[in-house]
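I opened this entry to learn my way around a new structure.

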Amino acid sequence: MPYLRRAFLFFIFYFLFFIFYFLFKVLIGYTMKKVIIVGGGILGLSCAYYLQTSGQAQVILLEAGSFAAATTSQAAALLTRARSDLNDGLMVDETHRVIKQFEQNTHPIMQRNGCIHIASQGDNFHSELSILKNHHQQGKDRGLNSQWLNANQIKQQLPWLAVKNESLGLFYPDDGHADPYLLANFYLQGAKKSGAYLYQGVRIKQLLESGDKIIGVRSDKNEDWIGDTVLLAGGPWSSVLAAQHNVKLGMAPVRSHYWITDNQTPLSPSQAMAIVPNSKVYFRPENKGLLFGVRDSQNCIIDPKELPTTQQGIHDHRFKNDENGWLALEENWQGLIATCPLLETAQLSHYISGISSYTPDSLPLLGPSQEWENLFIAAGCSGAGIAWSGGIGRLLSEQILQQKTFVDEQRYAINRFDNEIENVDPMDATFRQTCLLARINKKTG
Ligand SMILES: Cc1cc2nc3c(=O)[nH]c(=O)nc-3n(C[C@H](O)[C@H](O)[C@H](O)COP(=O)(O)OP(=O)(O)OC[C@H]3O[C@@H](n4cnc5c(N)ncnc54)[C@H](O)[C@@H]3O)c2cc1C
């Protein structure tokens, strides 16, 4: 008999345990925010990661093509941290922090060769130096390691760079670059392991409106997903979807491009990256070749309505007025070969031309839309979405979950240009030119 009684108590105990566990799960399910993310590039995926791992959201991410196969896969993926503004600095620091966290359980994701920002001897030396001093101070406040290098020290690290004797460099030894596809995949796996639902091949054709709220999305196959919040992270395509609902995103699709040379003797994969504002150029090693990009002033900008509809279309797209980037190279050629003489004889093995979404101040558009309750945006990364991805994921997660934000969210507010620019409208050619200028004048990050 005592044996039977013990078995009975045992049964009751486990029965109650399962009942409580089940009720607990149902309760958690009800209190979790259901967030629908449109777009599975690095931004959609990083937001999915931060939201799902918070334990307070159930994420459903819908991607029209394949994950991280649009502009994310084209990035040179320099993960630089020199920033003049503390908020921007904290955003890129968060990416570095989360990468380190991912790396604890696996092989390195980032190649940390360091980055040297150079103030070149010449007319702009003092203004460039003052920007670097600002970055240096800002970095110190954030606990970053950065060191001043004289011209000889720069040449020791980068023997292929022609540096005038009075030039100075600010070296960030822990900066580096990462394969953007790989990093995006870490966000994806992290989100998935924590319970996010991530779907490929689902193209969203419209947002679902109800009064002044967005309550979900509809696919081109007329499937509906209903949620508490919709986050639009559709890269350059975001403008078109938003415009259907009278949300005018202050950004425009502008060309970003770079070249990679064949193998060159003085180059090694472990050398630092270099940013030389005076020549409007950045360099980083790509195995034994040199990857470099220029800030050019070609009018390579596209009406969002004319964007290629597929991911592959983005890769194949060429701007008619400078199809292969020759005009951009020609415009910068003298400065380029004066800074890096090996380019005069090197073969160019690859040319990558893609599209970045630029805003008038080169800062992203992040946060709630003014027009609709429950609609959030993560777009307009102005050529730095990989470096900002961790910060953006964290900020959007905090905003959606109505937590205190780790940076000043107003700095990236969607409507911040409304008082300064007459017609903030990505469909307006004059506004798009304002965004193009931001690309032309960009110096760092
Ligand atoms: C040549 C080049 C070099 C660059 N170099 C750097 C660099 O060195 N450092 C750096 O930090 N950044 C760099 N960038 C910028 C960086 O690549 C972008 O900022 C970043 O990839 C943007 O990510 P995203 O998720 O917003 O966009 P994307 O990667 O374009 O993703 C958007 C996704 O949304 C999907 N989508 C769109 N509409 C819909 C819809 N209606 N329904 C469902 N899905 C939809 C698309 O299929 C796509 O997969 C570079 C960019 C280019 C082009």
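I began with a rule: a polar contact is a pair of N or O atoms within 3.5 Å, and within protein one must be able to donate a hydrogen and the other to accept it, while residues adjacent in sequence count only if both atoms are side-chain atoms. The model is predicted, so I noted that local features need pLDDT of at least 70, side-chain atom pairs count only at pLDDT 80 or more, and totals for chains, interfaces and linings use all residues. Residues are numbered from 1 along each chain as its sequence is written, and side-chain values use heavy atoms, with hydrogens and water left out.

**Ligand.** A polar side-chain atom of Gln311 is 2.9 Å from a ligand oxygen atom. A backbone N or O atom of Ala64 sits 3.0 Å from a nitrogen atom of the ligand, and a polar backbone atom of Ile42 is 3.2 Å from one of its oxygen atoms. I then checked cover: the protein covers 94% of the 1,000 Å² of accessible area that the ligand has on its own (Shrake-Rupley method, 1.4 Å probe).

**Sheet.** I found an open sheet of three strands in the order β3-β8-β4, with antiparallel pairing. Strands here are DSSP runs (E) of at least two residues, numbered from the N terminus, and two strands pair if DSSP finds at least two bridges between them. The edge strands are β3 (78-79) and β4 (110-111). Two bridges join β3 to β8 (residues 176-178), and I saw Leu78 opposite His177 in β8.

Notes: Helix = DSSP H or I, 4+ residues; strand = E, 2+ residues; numbered from the N terminus.
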